[in-house]
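Welcome! Take a moment to look at the protein below, and then we will walk through it together, topic by topic.

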Amino acid sequence: MAGTLPEDIKEYVEKHKLLEILNKGVNEIFRNQPPDPLTAFTNYFLQNSENIPILDHITASEITLNDYIKSLQVTFHCEFSGQIQPLATHSLSFSSKSNFNLDSDSEGMQAAANTIASDLSKALTGCSLSSPKALDDLLLQIRGESPEMNLASNIVCAVSLGGLKSLAMARGLPLYKYVAAIQCGEESNIEMPKLMITCLRGGKAYGSKVKFARFGFILEGGKVTKDVRTLYGLVRKQLGSGKQGEAGLKFVSGSLICASDTIGESVKVLEEAVKNSGLSEAKIFITCNAGDLYNETTGKYEMEGAKSLFDSNQMTEYYVKFLTDHPLVIYLENPMSDKDLVGWRTLTKRLGRDKPEVSVGCGFLSGYSAEKVAEAVVEKKPEGVEEEQKEYAEKYEEENKTKFTPQVVIADILKLETATSLLDLDKALEECKNDKRITIGLSDCDNETADTTVIDLAVGLGSRYVNVSGMTTYEHISKLARYEAISAELSHCRSATPVSYTHLRAHETVLDLVCRLLLEKKNKKKKKKKKKQNRKK
């Protein structure tokens, strides 16, 4: 059929690769079998179009969440497909730990909203959203050239993530698929990260005697919300069985404050919950934040107060014994101080040898540039000595004594400079991996909004873990629901029977196929009508 087309039409079809695009689109429909194929086709064409959204204006407002926490909501309004329309909304809370540096005359979330909706919106009007980097570079340029706007890092981050989501919407893609496509060049082989749910919080900040900061569950699968409720109910039942009962429980950010006196007792509470739940796949993580225990003067960790100081080797032995006693613990986050790089190397090498099932997460590397990340993790061979020489091993260790390879680099969504900085970090980790794969672990432990961006980013980046903090509030449950929705969508795509164009006849294009199928349908109707007429006779 294609050979009978007029020459000008053939030239047009070849110039714009229409047959290739249509073939791929039809194959997508056959493979995924969406309930609404016309909408799916529309989205497919949007993804392959060069219709770039142009920013018209940004609206921003202060919103109030649970426990009267203030949040910032940003909406992008763009000229797209011939009309101005809101493309995406992003919500971001300003944690007390985050870099919110508005001056005393303009404090508060409302001031941030006003800055975005007026000065920043005007400066960005007409911006072509061709890529995340294009928007982010412009944002950083405006911040540098217009200090009077006083653009705090949270404002830049909120607008940057809003822009990223708008780009995904303009392409007709969910955010996780868009991120996977721009990072890997494809959407295939997307895997779900493991979900980390904080159950217990310790540390001085919460008046707890327990030294480590957070204890929680690691879950995966399509029923995480049900599993979380089961585990939380069992933990609450245990802690509420004390002298004070339920009245003695203290809550913060959807989790409970450790009522135990020691790290081991806190972990036993979670172990008991896993045992009684019957969830054999559930595991435990600990966020140590050992930097809070590190004394720079002595170079030691105050594990049991000033009288009991551990050096790097003693801390390593402590962790190895602890993990042996508690095999459900498969993840440690920030187990050493960022001032103790030798300790990081000692611990990661030891766990890699004796506890390969345990992953180690590092938080401070996410603030490094790509070059500095490579400098921190890529080991170098010593100069002037060959591998066969006796002194090679000693010199190699001396050369790399501050190099270490964590399995996970934690990126807190509240501390991102821009979306591009996160994407660049992901690429840097991919390029500088040694014999082990280093992935980003996304966290929004201090972000109390119902915005589910962190889940999409974690899936799109191929993160090993994503931490959504607590277990009970609406904000946390909305993220569990998004996790389940993506998991179900990916499961459906994998279970659908793959369809290729091997069923196309020789020299047949998708245009021929459509015509052939229509003709076959017409012939079937004729046969059916003829049979009906024969019966009447």
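Let's begin with a pair of residues: S443 stands opposite N467 in β16. Before going on, please note that this is a predicted model, in which local features need pLDDT of at least 70, side-chain atom pairs count only at pLDDT 80 or more, and totals for chains, interfaces and linings use all residues. Residues are numbered from 1 along each chain as its sequence is written, and side-chain values use heavy atoms, with hydrogens and water left out.

**Strand β15 and its neighbours**

- The strand β16 (residues 465-467) runs parallel to β15, and two bridges pair them. Strands here are DSSP runs of type E with at least two residues, helices are runs of H or I with at least four residues, and both are numbered from the N terminus.
- Two strands count as paired if DSSP finds at least two bridges between them.
- β15 also pairs with strand β14 (residues 408-412), again in the parallel sense, over five bridges. Here V408 has T439 of β15 as its bridge partner.
- How many residues of strand β15 (residues 439-443) are buried? Five of its five residues are, and the strand is mostly covered. Buried means under 20% relative accessible area, exposed means over 50%, and partly exposed lies in between (1.4 Å probe, protein chains only).
- The cover reaches both faces of β15: T439, G441 and S443 are buried on one side, and I440 and L442 are buried on the other.

**Strand β8 and its neighbours**

- Strand β8 (residues 283-287) is largely enclosed by the rest of the structure, because four of its five residues are buried.
- β5 and β8 run antiparallel and are joined by five bridges. In this pairing, F215 stands opposite I286 in β8.
- Strand β12 (residues 329-333) pairs with β8 in the parallel sense over four bridges. I284 has V329 in β12 as its bridge partner.

**An open sheet of three strands**

- β9, β10 and β11 form an open sheet in the order β9-β10-β11, with antiparallel pairing.
- Why is one side of β9 (294-295) and of β11 (309-310) left without a neighbour in the sheet? These strands stand at the edges and each has a single partner strand, so one side of each has no neighbour there.
- Strand β10 (residues 300-302) runs antiparallel to β11, and two bridges join them. Look for Y301, which stands opposite F310 in β11.

**Salt bridges**

- Side chains of opposite charge can pair when their charged atoms come close.
- A salt bridge is counted here when a side-chain nitrogen of Lys or Arg is within 4 Å of a carboxyl oxygen of Asp or Glu. By this rule the count comes to 16 salt bridges.
- One of them joins the side chains of K177 and E489, at 3.5 Å from N to O. This pair links distant parts of the chain, with K177 in helix α7 (residues 175-184) and E489 in helix α16 (residues 474-495), 312 residues apart.
- K177 is buried because its relative accessible area is 16%, whereas E489, at 30%, is partly exposed.
- Another salt bridge joins E220 and K194, at 2.8 Å from N to O. E220 lies in the loop between β5 (214-219) and α8 (224-239) and K194 in strand β4 (residues 194-201), 26 residues apart, and the pair links these distant parts of the chain.
- E220 has a relative accessible area of 42%, so it is partly exposed. K194 also counts as partly exposed, at 26% relative accessibility.
- E379 forms a salt bridge with R345, with the closest N and O atoms 2.9 Å apart. E379 lies in the loop between α12 (370-377) and α13 (392-399) and R345 in helix α11 (residues 341-354), so the pair ties together parts that are 34 residues apart in sequence.
- Is R345 buried or exposed? R345 is buried, because its relative accessible area is 4%, while E379 is partly exposed at 29%.

**A residue in helix α16**

- H476 lies in helix α16 and counts as buried because its relative accessibility is 1%.
- H476 and S253 are 223 residues apart in sequence and 9.1 Å apart in space, C-alpha to C-alpha.
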